[in-house]
Amino acid sequence: MKYILATVAAAALLCACGQNQRKNLPPQPSMDELRAQIPGPEKAYNSGPITVDANGQAIIRGTIDGVGDSLVYTIAADSNQIVSVRLAPDEEPANIRIRQFISPSGEADGPFGLKLDRRLDTTGVWKLIIDESLMNGEDYKGAFTMTVIVQ
């Protein structure tokens, strides 16, 4: 009986100690905060929002999987800012391009080839579509680097 009481008392003490330690822990960072701590300017993904750093720049690594694969990125920017985009495929020749740049109101412009420079006339979220040209070259499956500058 003494053994059981000692075991219960030790367990209660351990549980109480563990709870006090948990109360003193700092709050856990969010996933966005953790992603921001990744060293280096490159982020690897094939679609979604582009977040520029304090200098207004983002470097994205992406991959395209041939004809029919369109990658859609979004950029939040203000009116009168300039957006510059450069695509650099890992292999040459590569049949990859900036197909369209779509305004927050849905107006589309393009195609642009491997680079785009545009002064924005509207504040909001712009879409950037990357894919292959159906009129040129061979099917391209491979990686690329996209540099985006918003100033």
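User: Is serine 84 buried or exposed?

Analyst: In this predicted model, serine 84 is buried, because its relative accessible area is 18%, and the cut-off for a buried residue is under 20%.

User: Which element holds serine 84?

Analyst: Serine 84 lies in strand 5.

User: What does the side chain of serine 84 make a polar contact with?

Analyst: The partner is the side chain of aspartate 117, at 2.7 Å.

User: And which residues does serine 84 touch, not counting those up to four places away in sequence?

Analyst: On that basis, serine 84 touches Leu116, Asp117, Thr147, Val148 and Ile149.

User: Let us turn to the overall fold. How many helices and strands are there?

Analyst: The protein has 2 helices and 10 strands. Along the sequence, the pattern reads α-α-β-β-β-β-β-β-β-β-β-β.

User: What share of the contacts links residues 24 or more positions apart?

Analyst: Such pairs make up 73% of the contacts with a separation of 6 or more.

User: In what order do the strands of the open sheet come?

Analyst: The open sheet consists of 5 strands in the order 2-4-9-6-7, with mixed pairing. At its edges stand strand 2 (48-50) and strand 7 (108-109). Each has a single partner strand, so one side of each is left without a neighbour in the sheet.

User: How many bridges join strand 2 to strand 4?

Analyst: There are 3 bridges, and the two strands run parallel. Within strand 4, tyrosine 73 stands opposite glycine 48.

User: Now the largest nonpolar core. Which residues touch the most other members?

Analyst: That core has 25 residues, and those touching the most other members are Tyr73, Ile75, Leu128, Ile130 and Met146. Two or more residues each come from strand 3 (57-65), strand 4 (71-77), strand 5 (82-89), strand 6 (97-102), strand 9 (124-131) and strand 10 (141-150).

User: What is methionine 146 in contact with, leaving aside neighbours within four places in sequence?

Analyst: Methionine 146 is in contact with Ile50, Ala58, Ile59, Ile60, Tyr73, Val85, Arg86, Leu87, Leu128 and Ile130. Among these, Tyr73, Leu128 and Ile130 also belong to the group that touches the most other core members.

User: Finally, what percentage of the protein's residues counts as buried?

Analyst: Of its 151 residues, 28% are buried. The accessible surface is about 10000 Å², and carbon and sulfur atoms contribute 56% of that area.

Technical notes: Residues are numbered from 1 along each chain as its sequence is written. This is a predicted model: local features need pLDDT of at least 70, side-chain atom pairs count only at pLDDT 80 or more; totals for chains, interfaces and linings use all residues. Side-chain values use heavy atoms; hydrogens and water are left out. A nonpolar core is a set of buried Ala, Val, Leu, Ile, Met, Phe, Trp, Tyr and Cys residues joined through side-chain atoms within 4.5 Å. Buried means under 20% relative accessible area, exposed over 50%, partly exposed in between (1.4 Å probe, protein chains only). Helices (H or I, at least four residues) and strands (E, at least two) are DSSP runs, numbered from the N terminus. Contact means heavy atoms within 4.5 Å. Accessible areas come from the Shrake-Rupley method with a 1.4 Å probe; for residues, only the protein chains shown count as cover. A polar contact is a pair of N or O atoms within 3.5 Å; within protein, one must be able to donate a hydrogen and the other to accept it, and residues adjacent in sequence count only if both atoms are side-chain atoms. Two strands pair if DSSP finds at least two bridges between them.
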